Amino acid sequence: MERAELSGDVVAAAQRLLGCTVEADTPEGLVAVRLVEVEAYRGADDPASHSFRGRTARNAVMFGPAGHLYVYFIYGMHFCVNISCLADGQAGAVLLRAGEVVSDVAIARARRPTARRDADLARGPARLASLLGLRREHNGLDVTDPTSPVRVLAGPPVDPGSVRRGPRVGVAAAQETPWRFWLDGSSAVSPYRPGRVRNG
């Protein structure tokens, strides 16, 4: 995927990533998923974003350049994976929420043997990261580099009529911002759960 396709606004980048393929080289072999659900996060004007309060060592990848993995640990249990967007110096990223396996399903099942159905292999951001083997050491990888161990392959733009949008999952701020995008009809799309409102 060309970096320029990710350098625009996060909302446009999120919709462009739908239907694209993420490939990862894992110890068991190549694993690839077609993205069917994503969420957009922007910098200083988005209180749900990790970059809302400015640059830190943790969120530095969000400030560019576009096309790099931003990997973080959540709930002391799981990794989640984003792709940086916007022009260099501007904070933004797209969270990869769910995908459909388009590589050898046997390899995918070997990596996630507890999945009840093939649709569950990468259904939700933690499952997607686990399936692709993405951890903290992958933070900052350039997914536009064809020699990278993790790559994003541009697919044809999806039919706009198949794209749905709504509030992001589990956020405590900007709960009504409709920056979650998914492909209608995909059984790999994760369920919507509202976040808890912060008091005070």
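**A close look at one helix**

Tutor: Start with the surface. The protein exposes about 9,300 Å², and carbon and sulfur atoms supply 52% of that area. Keep in mind that this is a predicted model.

The protein has 3 helices and 8 strands. Along the sequence they run α-β-β-β-β-β-α-α-β-β-β. The radius of gyration is 16 Å, close to the 16 Å that the globule rule gives for 200 residues, so the protein is as compact as a globular protein of that length. Its C-alpha atoms fill a box of roughly 45 × 40 × 35 Å along the principal axes. Of the 200 residues, 52% count as buried.

Next, the part itself: helix α3, residues 125-132. Which of its residues are buried? They are Pro 125, Leu 128, Ala 129, Leu 131 and Leu 132. These residues cover an arc of only 160 degrees around the axis, which puts them on the same side of α3.

Then look just past the end of the helix.

Take the contacts between residues at least 6 apart in sequence: 59% of them join residues at least 24 apart. Last, the charges. There are 25 positive and 21 negative ones, and their mean positions are 8 Å apart.

Technical notes
Residues numbered from 1 in each chain as written. Predicted model: local features only at pLDDT ≥ 70, side-chain atom pairs only at ≥ 80, totals over all residues. Heavy atoms only, no water. Helix = DSSP H or I, 4+ residues; strand = E, 2+ residues; numbered from the N terminus. Rg over C-alpha atoms; globule rule 2.2 N^0.38 Å. Buried < 20%, exposed > 50% of the residue type's maximum accessible area, 1.4 Å probe, protein only. Contact = heavy atoms within 4.5 Å. Areas by Shrake-Rupley, 256 points an atom, 1.4 Å probe, with all protein chains shown as cover. Lys, Arg positive; Asp, Glu negative; His and termini not counted. Charge placed at Lys NZ, Arg CZ, Asp CG, Glu CD. Arc of directions from axis to C-beta.
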